[in-house]
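Take a look at the structure first, then go through the notes below.

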Amino acid sequence: MADSRLKDKVALILGAGTSAPGMSIGKACSLAMARAGAKVAALDLKIDAANETVAEVTAQGGVAKAYAADVGSMDEMRFAVDAVMQDWGRIDILQINAGIGKVGGPEETTLDDWQRIQKVNLESILIASKLVCPIMVEQGSGSIIGVSSVAGMRYLGYPHLAYSVTKAGVIHFIKMLALQYASQGIRANTIVPGLIDTPRIQKNVSKVFDSTGNMEKTRAARDKQVPMGRMGTPWEIASVATFLASDDASYITGTELVVDGGLTGKFV
Ligand SMILES: NC(=O)c1ccc[n+]([C@@H]2O[C@H](COP(=O)([O-])OP(=O)(O)OC[C@H]3O[C@@H](n4cnc5c(N)ncnc54)[C@H](O)[C@@H]3O)[C@@H](O)[C@H]2O)c1
């Protein structure tokens with residue numbers, strides 16, 4: 001039987017493209033939510049990346065439309081949210097997924113790096129919730145999903161300071177939203193992915209694992225860190241996002257779901 005858990009719902013996914021060819025978390029979430037019946041508003045900084053996601057959703061028989069905006073810009077996000085409302089008339093699911101980082105500790109992180117990472121990873125939640133919470137309040141329902149990282153809970157063996165601090169902030173921001181809006185039909189939860197095999201790994205962290213950025217060595221090293229012996233797939237995050245977005249999670253709010261193959265439970 002077809003999955004109809006998100007039938008008639010509109011899902012706005014921020015960072016719905018991929019930063020390099022392949023399957024990202026935002027793209028997998030867009031595809032999974034569309035397969036569950038949602039209409040997907042795929043928003044990305046890069047319109048080509050959003051268009052690619054839309055093309056894949058459409059090819060699979062789903063409904064989606066691309067929107068371009070920088071999640072760190074109030075003006076661009078206001079324009080995009082207005083466009084989604086004009087196109088679909090409601091927003092039931094908001095997944096705040098866009099994220100950037102730069103490897104380094106306090107000495108390597110410039111103030112510009114710090115401010116840009118804060119803007120994209122954290123200020124984006126303030127901007128999106130300012131715009132979307134009033135819509136959900138009026139609807140009397142909504143599900144907000146933040147995307148943190150195990151880096152926001154633990155030191156992962158190399159300095160990733162600005163990224164980690166923002167990802168810790170995501171968890172608490174979403175918890176604050178959940179508690180404030182709990183009585184108004186809005187749920188808000190955070191997914192905490194572990195080490196996930198996405199194209200971003202090559203771009204961002206492969207040099208930490210191998211000085212030449214060799215992806216086979218990077219994958220082997222990351223697989224070895226995880227108690228389950230492998231990185232997760234974007235689909236393993238997408239299935240959790242679809243669950244949290246759906247009424248199957250109707251009594252879940254203000255919490256974080258760690259999806260990490262056992263990584264954060266590990267001592268050595
Ligand atoms: N891959 C992992 O191992 C991993 C682990 C934990 C958490 N995460 C988190 O999951 C999320 C997705 O990660 P991914 O690996 O799929 O990344 P990705 O880089 O492949 O995809 C992120 C998308 O966000 C878009 N984006 C970046 N900045 C933006 C901005 N300012 N405005 C709008 N869109 C913007 C990019 O263009 C890209 O399409 C991120 O928040 C990341 O921190 C990833």
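Asparagine 97 has a relative accessible area of 10%, so it counts as buried, the cut-off being under 20%. Keep in mind that this is a predicted model.

**Where asparagine 97 sits**
- Look for asparagine 97 in the loop that runs between β4 (93–96) and α4 (111–139).
- Its side chain gets to 2.8 Å from the backbone oxygen of glycine 15.
- If you skip the neighbours within four places in sequence, asparagine 97 is in contact with Leu14, Gly15, Ile25, Gly26 and Val147.

**Who surrounds the ligand**
- There are 31 residues around the ligand, and Asn97 is among those that come nearest, along with Ser19, Asp44, Tyr163 and Thr198.
- As for the ligand's place in the protein, the space it takes is the largest pocket.
- Three elements, α4, α5 (161–181) and α6 (199–204), each give two or more residues to the shell around the ligand.

**Backbone atoms facing ligand oxygens**
- For isoleucine 196, a backbone N or O atom lies 2.9 Å from an oxygen atom of the ligand.
- Threonine 18 has a polar backbone atom 3.1 Å from a ligand oxygen.
- With glycine 17, the distance from a backbone N or O atom to an oxygen atom of the ligand is 3.3 Å.
- On its own, the ligand has 830 Å² of accessible area, and the protein covers 96% of that.

Terms used:
Residues numbered from 1 in each chain as written. Predicted model: local features only at pLDDT ≥ 70, side-chain atom pairs only at ≥ 80, totals over all residues. Heavy atoms only, no water. Helix = DSSP H or I, 4+ residues; strand = E, 2+ residues; numbered from the N terminus. Buried < 20%, exposed > 50% of the residue type's maximum accessible area, 1.4 Å probe, protein only. Polar contact = N/O pair within 3.5 Å; in protein donor to acceptor, adjacent residues only side chain to side chain. Contact = heavy atoms within 4.5 Å. Near = heavy atom within 4 Å. Areas by Shrake-Rupley, 256 points an atom, 1.4 Å probe, with all protein chains shown as cover. 1 Å grid on protein atoms, 1.4 Å probe; cavity = no way out; pocket = protein on both sides within 12 Å on 5 of 7 lines; lining within 4 Å. Sits in = over half its atoms within 2 Å of the grid points.
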